[in-house]
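Biologist: I would like to learn how to read a model of this kind with care, one feature at a time. Could you give the general idea in each case and then turn to the structure itself?

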Amino acid sequence: MDNNNLDLSSIWKQQKVGQPNIEELTYKLNQFKKSGLQKLIITNVILVITIGLIIFIWNHYQPQFITSKIGIVLTILSMVIFVFFNNKLFSVFNKIDYTKSNNEYLLDLILLKTKQKYIQTKILGFYFIVLSLGICLYMYEYTSRMTTLGSIFAYSVTLIWIGLNWFYFRPKTIKKQHIKLDELICEFENMEKQLDSKE
Amino acid sequence: MVFEDIYKLYYHKIYRICMGYVNDYDVALDLTQETFIIVWKQLPRFRNESSIGTWIFRIASNNCLRLIEKEKRVIKTELTINLIEENQESIEPKIQMLYKYISELQETDRIIISLELEDVNQTEIANIVGLSESNVRVKIHRIKEKLKRKFKENGQQ
């Protein structure tokens, strides 16, 4: 065959393709529906467990000060919000319109990933602040019964630990998340540029 | 249009487009299935603003573009293994070559040429990709030249 007459379309269509299997797809669709329901159940179970845990600690340790009570609620809520956001809320936020043109879709993806970067950082910051605040408030009742030196020591150790998290682990996690997202943003931008070039 | 009819009508086309994008049998199958799951989810929202074909091809190509997010490393490292598997899949070396060459193009070029080879008209391609028709025409011409040159270089004429 002459190279100029090479019929690409005909070669293209000779690719072997398996037969469409509607049963298999129906099975996958059912799985998909089931997993959506499962996720909803898990989310609700986590919520119930959290509330149960708060009530249990409240009853079992019988804190006298309001600071301890607020502390318990803040500590547990911070963890739940963090887990929730990473697993459930993010998938809601992650929704994007697949029916737009490639060009518009890529622009949406870039925007989404940039937003994701911003929100992830904020949520992580929020988590650390609320968690630290919760721990410090909870400690107050018990340290107030200690000697001054004892309470200074207890708070110092806690604050050092919180500081280590804030100044070491938090930036490290953020950096890791950013590298991954920046890589993706860069790839999507490159694809978008392919469509942008005026030829 | 009923989902089952759409599935049967577009299955082969969508599979070939995905295959052109990744040149990997299993990944193309996954992408095809994912596409139809999205189609199934979105179908109640289809408003006839574009043809059903344009609508489905948009979903399929956008899903391909997003592949990098899910399996970037897997695809890059497993490419050689997949090519060996491909040998068993297609008898004609020309078919293998064509799909290999297409999967080596820039991402959006892969989509454009796949749609062209699938006989989608250029106005529709422009609509799917989000480029002007003249831009699409120029791009298709260049991609075809590139592919033919690659065939020539490898003695497959």
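Modeller: Let us begin with burial: a residue counts as buried if 20 or more other C-beta atoms lie within 10 Å of its own, and as exposed if 12 or fewer do. This is a predicted model, and of the 199 residues of its chain A, 14% are buried by that criterion. In chain B, which has 157 residues, 40% are buried.

Biologist: What do the overall dimensions of chain A say about its form?

Modeller: The C-alpha trace of chain A spans about 95 × 40 × 25 Å along its principal axes. Its radius of gyration is 26 Å, whereas a compact globule of 199 residues would have one near 16 Å.

Biologist: Which secondary structure elements make up chain A, and which make up chain B?

Modeller: Chain A has five helices and zero strands, so that line of description reads α-α-α-α-α from the N terminus on. Chain B likewise has zero strands, with eight helices. As for contacts between residues at least 6 apart in sequence, 74% of those in chain A join residues at least 24 apart, and in chain B the figure is 67%.

Biologist: Into which domains is chain A divided, and how many residues does each give to the contact between them?

Modeller: Chain A is divided into domain 1, residues 21-62, and domain 2, residues 65-199, and the centres of these two domains, taken over C-alpha atoms, are separated by 22 Å. Eight residues from domain 1 of chain A and six residues from domain 2 of chain A form the contact. On the domain 1 side, the residues that touch domain 2 of chain A divide into five nonpolar, two polar and one charged.

Biologist: How many residues of each chain take part in the contact between chain A and chain B?

Modeller: The size of an interface is often given as the accessible area lost when the parts come together. Here we count residues instead: 33 residues of chain A are in contact with 51 residues of chain B. On the chain A side, the elements that give two or more residues are α1 (8-13), α2 (22-61), α4 (102-143) and α5 (148-196) of chain A. By class, that side has 17 nonpolar, nine polar and seven charged residues.

Biologist: What confidence does the predictor attach to the complex, and where in each chain is confidence lowest?

Modeller: The complex is given an ipTM of 0.84 and a pTM of 0.81. Chain A averages a pLDDT of 86, with 92% of the residues scoring at least 70, and within it the mean is lowest in helix α3 (residues 66-93), at 81, and highest in α5(A), at 92. Chain B also averages 86, with 85% of the residues scoring at least 70.

Biologist: Which residues have the most contacts inside the largest nonpolar core?

Modeller: That core has 53 residues, and Cys18(B), Ile56(B) and Val129(B) have the most contacts inside it. Helix α1 (residues 3-22) of chain B supplies the largest share, 11 residues. Beyond its neighbours within four places in sequence, Val129(B) is in contact with residues of both chains, among them Asn102(A), Leu195(A), Ile111(B) and Val136(B).

Biologist: Which residues of helix α5 of chain B are buried, and what covers them?

Modeller: An α-helix has 3.6 residues a turn, so residues three or four places apart point the same way. In helix α5 (residues 93-103) of chain B, the buried residues are Leu98(B), Tyr99(B), Tyr101(B), Ile102(B) and Ser103(B). Their cover includes α1 of chain A together with α1, α6 and α8 (133-153) of chain B.

Biologist: How should I read backbone angles, and is Asn23(B) buried or exposed?

Modeller: Most residues other than glycine have a negative phi. Asn23(B) has a positive phi near 50° and lies in the loop between α1 and α2 (25-42) of chain B. Asn23(B) is buried, because 23 other C-beta atoms lie within 10 Å. Asp119(B), in the loop between α6 and α7 (122-129) of chain B, also has a positive phi, near 65°, but Asp119(B) counts as exposed because it has 10 C-beta neighbours inside 10 Å.

Conventions
Residues numbered from 1 in each chain as written. Chains lettered and ligands numbered in written order. Predicted model: local features only at pLDDT ≥ 70, side-chain atom pairs only at ≥ 80, totals over all residues. Contact = placed C-beta atoms within 7 Å. Helix = DSSP H or I, 4+ residues; strand = E, 2+ residues; numbered from the N terminus. Nonpolar A, V, L, I, M, F, W, Y, C, P; charged D, E, K, R; others polar. Domains from an automatic or database assignment. pLDDT = per-residue confidence, 0-100. Rg over C-alpha atoms; globule rule 2.2 N^0.38 Å. Core = buried A, V, L, I, M, F, W, Y, C linked by C-beta atoms within 7 Å.
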